[in-house]
Amino acid sequence: MPAFVTFGRILFAVLFIYTGATKLFALQPTADFIATKVVVPEVIEPYAKQIETATAMTTPQLLAIAVGGLEIIAGLMIALNFGARFFALLMIIYIAGSTVLFSDFWNQAAPDNAKVVVDALKNLSIIGALFMIMGYGRATRSAETAYGDV
């Protein structure tokens, strides 16, 4: 059983590693997409401008780099089972936030929103798998022990 769990964890992590790498390799298209959905709050806008000046990059570009890096690092840590619970929690927060920001299927008509609804449900399934990683943890335990917590 532990070999299957390890193999499944590695295959699951490939999703994050791949999507993080594609965000970094296609940095400008990713930043353009982020710019259409994310607005910097007025409270932190002066700080964002300072960071933009210091890095000579726009806020959407910086967010694209941060998100791509988070996905790659979290994917590697989950695959290697090193800090898997922590990185699974980070990915749960990130995926839930991005689903709310980028999958606005509730503002679209029923036949037109089918792809976006499927994407949101896919994200919900990924969040479920991340909760299983958080519940399973680093050490292997028997199924009776694992389900006895409920």
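Helix α2 (residues 27–37) and helix α4 (residues 59–80) pack at an angle of about 115°, and their axes are 8 Å apart. That angle makes α2 roughly perpendicular to α4, since angles of 65 to 115 degrees count as roughly perpendicular. The model described here is a predicted one.

The crossing of α2 over α4 is right-handed. On the α2 side, the residues that meet α4 are Leu27, Gln28, Thr30, Ala31, Ile34 and Ala35. On the α4 side, the partners are Pro60, Gln61, Leu63, Ala64 and Ile65. Sorted by class, the contact of α2 with α4 has eight nonpolar and three polar residues, and no charged ones.

### The chain as a whole

The chain has seven helices and zero strands. Read from the N terminus, its elements therefore follow the order α-α-α-α-α-α-α. The C-alpha trace spans about 55 × 40 × 30 Å along its principal axes.

How many of the 150 residues, as a percentage, count as buried? The share is 28%. The accessible surface of the chain comes to about 9,700 Å², and 73% of this surface belongs to carbon and sulfur atoms. Contacts can also be sorted by separation in sequence. Among those between residues at least 6 apart, 73% join residues at least 24 apart.

### Helices α1 and α6

A second pair of helices in contact is α1 (residues 2–25) and α6 (residues 114–136). In general, two packed helices are described by the angle between their axes and the distance between the axes. For α1 and α6, the axes come within 12 Å and cross at roughly 135°.

The crossing of α1 with α6 is left-handed. Helix α1 contributes Val5, Arg9, Phe12, Leu15 and Phe16 to the contact, while α6 contributes Ile126, Ala129, Leu130, Ile133 and Tyr136. By class, the contact of α1 with α6 consists of nine nonpolar residues and one charged residue, with no polar ones.

Tyr18 also lies in helix α1. Is Tyr18 buried or exposed? With a relative accessible area of 55%, Tyr18 is exposed, because the cut-off for exposed is over 50%. Tyr18 and Gly69 are 51 residues apart along the chain, and their C-alpha atoms are separated by 11 Å.

### Two residues with positive phi

Most residues other than glycine have a negative phi. Ala56 has a positive phi of about 60° although it is not a glycine. Asn81, also a residue other than glycine, has a positive phi near 60°.

Where are Ala56 and Asn81 found? Ala56 is in the loop between α3 (45–55) and α4. Asn81 lies in the loop between α4 and α5 (84–102). The table lists their accessibility.

| Residue | Relative accessibility | Class |
|---|---|---|
| Ala56 | 70% | exposed |
| Asn81 | 17% | buried |

Ala56 counts as exposed because its relative accessibility is 70%, and the cut-off is over 50%. Asn81 counts as buried because its relative accessibility is 17%, and buried means under 20%.

Terms used. Residues numbered from 1 in each chain as written. Predicted model: local features only at pLDDT ≥ 70, side-chain atom pairs only at ≥ 80, totals over all residues. Heavy atoms only, no water. Axes fitted to C-alpha atoms, helices over the stretch in contact; angles between N-to-C directions. Helix = DSSP H or I, 4+ residues; strand = E, 2+ residues; numbered from the N terminus. Left-handed = near helix turned anticlockwise from the far one by under 90°. Contact = heavy atoms within 4.5 Å. Nonpolar A, V, L, I, M, F, W, Y, C, P; charged D, E, K, R; others polar. Buried < 20%, exposed > 50% of the residue type's maximum accessible area, 1.4 Å probe, protein only. Areas by Shrake-Rupley, 256 points an atom, 1.4 Å probe, with all protein chains shown as cover. Parallel < 35°, antiparallel > 145°, perpendicular 65-115°, else oblique.
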